[in-house]
Amino acid sequence: MEWDLSDLYLSPEDPNLERDLAEALNLASSLDPKDLLHPSRAEGLFRRYEEALEKAYKPLNYASLYFATRTQDPVAKALLDRVRNRYTEVRNRLVPLEVALRKLPEEAFQALLEHPGLADLRHFLQGQRAFAPHTLSEREEELLNLKGLVGRSAWSQFYTEYTGRFRFRVGERELTEMEVRALRRDPDPKVRREAHRELYGKLMAEAPTLSAVFNAVFLDYLQDLRLRGYRHPLEPVALRDEVEVKDIEALLEATRAHYPLVEAYYRWKARRLGLEKTPSPDLLAPLAKEKPKVPFEEAQDLVLTAFHRFSPEVGRIAREFFEKRWIDVYPRPGKRGGAFCSGGLPSTHPYVLLNHTDDLDAAHTLAHELGHGVHFYLARKQRLLNFGASTPLAETASVFAEILLDDLLLERLSPEERTLLLAERVEDAINTLFRQVMYTFFERRSLEARREAALSPEAFHGIWQEEQGRLYGDAVEWTELDQAAWAGIPHFVHYRFYTYSYALGYLVVLALYGKYQEEGKAFVPKYLGILEAGESQSPKEILAQAGVDLASEAFFQYGFGVLESWLKALL
């Protein structure tokens, strides 16, 4: 199944695409920041602001999705480049209004907050105000937007195009990156080792080129920190995510304090494999004698059943993705690796990209991305400025969906099969929580080192090796090639410090899942309310409605307590 993008535009030549870009530019150019001084006029001003954003983002959304399945197509590349330039032009026309809002005199800002017609934008307005100390002049903001076209955005696109060309030879087959990664879960240890050598051997060979990309995007971020007056590298992330830097630090340290759980698990896994230590090519090795085949049709049925049992409404929404072809399923040459859900706009709908490999891991990925899809679908009840999912909640629906799938599978399995699935659940926790924190420590250390000078591939290797060693202790036997794994993690290029949010999201999910176990069906409306809220309130306010306190010590204790219970059941 390939997705149908015609709900956005019929083709790259669709005249509506150019029309929307032109209208967005006209709208953006017509906005008068002086209207902020008159709350009644500000109502219409924000409506036009939203319309300009929507008409600019819709073409960019289409171009990005079109490029995602055609990374080597000159037409797709040209379209994305052209639309990105036009989008930046629109964003620059909006800069005067955005700067004026952030720097509005306090009395005028309070008048906006108190105006009844702007009541539903109160959280948006306060969020913008938080960035006031780090907002530059109009001209400086415009220049930074323009710099992004040849800086961060350009390197991000290059990384996607360049790695999209990678091919791997395993046996007689030539594979894409996602196909060779899937073989790291193959039941045959010879296949796993060959896939491991191919994948990490390629990343090791390409490390000189990819390290140049990493150096460029890290330097770009450091320049932004300096120009905007941030005192801590996590400060812009904390502002974006509406948490405190100390909250992120507490999460990182609490997770690192529980690293011994990871070492204990891989010592147990080594014993199951009949080994003293777990070899790195076997980190993802299945414990069953045969790798279960899960064709896409079966994965679809499992996920829809799991969703419907939790909530018929959630099941109905998820079914639309298949019936209306909002999903692109299989890997193919030129298609970008990984999986993602593009949230779209309140006036459109989400799209999901997969690289399905007919195994249980791919079924979990389907559940994960459809969880995102349901989240964005329900958040369409919000207006554009309140739409989306703040980073602390961005992974909530996705990981929750995976646990719902596991609950269904556990009911259908024998005792031994349940043990194996529990082991997979622990591994998922390691990959979603612990490894993402390890990534964050790697990113932070690399960024700090980049302040002094560009890092060589060997410097990146060394930082990666040290952080990986801290996580797994002495339970894993590494190869020389493993130290190049950092180069294959796109989050380090496309985002800054996003990976910590997977860890936070996972702990949020464990807290919400605990509520579900306690309350049963009475919890479902609360859960749907969290998804429907979008970004209309802060994450702390949204979660508080379901009885979860992000700032409490009990929040961390509960999550890690659940993980300890899973591991205890195995050991």
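How many Å² does the accessible surface of the protein come to, and what percentage of it belongs to carbon and sulfur atoms? The accessible surface comes to about 23,200 Å², and 51% of this belongs to carbon and sulfur atoms; accessible areas here come from the Shrake-Rupley method with a 1.4 Å probe, and for residues only the protein chains shown count as cover.

1. Basis of the note. This is a predicted model, in which local features need pLDDT of at least 70 and side-chain atom pairs count only at pLDDT 80 or more, whereas totals for chains, interfaces and linings use all residues. Residues are numbered from 1 along each chain as its sequence is written, and side-chain values use heavy atoms, with hydrogens and water left out.

2. Overall build. The secondary structure comes to 24 helices and seven strands, where helices (H or I, at least four residues) and strands (E, at least two) are DSSP runs numbered from the N terminus. The radius of gyration is 24 Å, close to the 25 Å that the globule rule gives for 571 residues, so the protein is as compact as a globular protein of that length; the radius is taken over C-alpha atoms, and the rule is 2.2 Å times the number of residues to the power 0.38. Along its principal axes, the C-alpha trace spans about 75 × 55 × 45 Å.

3. Of the 571 residues in the protein, 58% are buried, with buried meaning under 20% relative accessible area, exposed over 50%, and partly exposed in between (1.4 Å probe, protein chains only). Among contacts with a separation of 6 or more, 77% are accounted for by residues 24 or more positions apart, a contact being heavy atoms within 4.5 Å.

4. The nonpolar core. The largest nonpolar core holds 192 residues, and Phe46, Phe400 and Phe434 touch the most other members; such a core is a set of buried Ala, Val, Leu, Ile, Met, Phe, Trp, Tyr and Cys residues joined through side-chain atoms within 4.5 Å. Residues up to four places away in sequence not being counted, Phe434 touches Thr255, His258, Tyr259, Leu261, Val262, Ala429, Leu471, Phe560 and Leu563.

5. A three-stranded sheet. Three strands form an open sheet with mixed pairing, in the order E4-E6-E5. Strand E4 (327-328) and strand E5 (340-342) stand at the edges with a single partner strand each, so one side of each is left without a neighbour in the sheet. E4 and strand E6 (residues 351-353) run parallel and are joined by two bridges, which meets the requirement that DSSP find at least two bridges between paired strands. Within this pairing, Val352 in E6 is the bridge partner of Ile327.

6. Asp358 lies in the loop between E6 and helix H15 (360-379), and its phi is near 55°, a positive value in a residue other than glycine. Asp358 is partly exposed, with a relative accessible area of 26%. Asp359, which is found in the loop between E6 and H15, is buried, with a relative accessible area of 3%. The C-alpha atoms of Asp359 and Pro292 are separated by 6.2 Å, although these residues are 67 residues apart along the chain.

7. Phe497 is not a glycine, yet it has a positive phi of about 50°. It lies in the loop between helix H20 (491-494) and helix H21 (500-519), and Phe497 is buried, with a relative accessible area of 0%.

8. UniProt, in an unreviewed entry, lists residues 103-168 as "domain: Oligopeptidase F N-terminal"; positions are given in the numbering used here, feature names are shortened, and annotations may be inferred rather than shown by experiment. Over residues 103-168, the chain is 67% helix and 2% strand, and the end C-alpha atoms are 53 Å apart.

9. Three further residues. Thr163, in helix H7 (residues 152-164), is buried, with a relative accessible area of 12%; neighbours within four places in sequence aside, Thr163 is in contact with Glu177 and Leu210. Thr396, in helix H17 (residues 396-411), is buried at a relative accessible area of 1% and, with neighbours within four places again left aside, is in contact with Val508, Val509, Leu512 and Tyr527. Glu290, found in the loop between strand E3 (278-279) and helix H13 (296-310), is exposed, with a relative accessible area of 65%.
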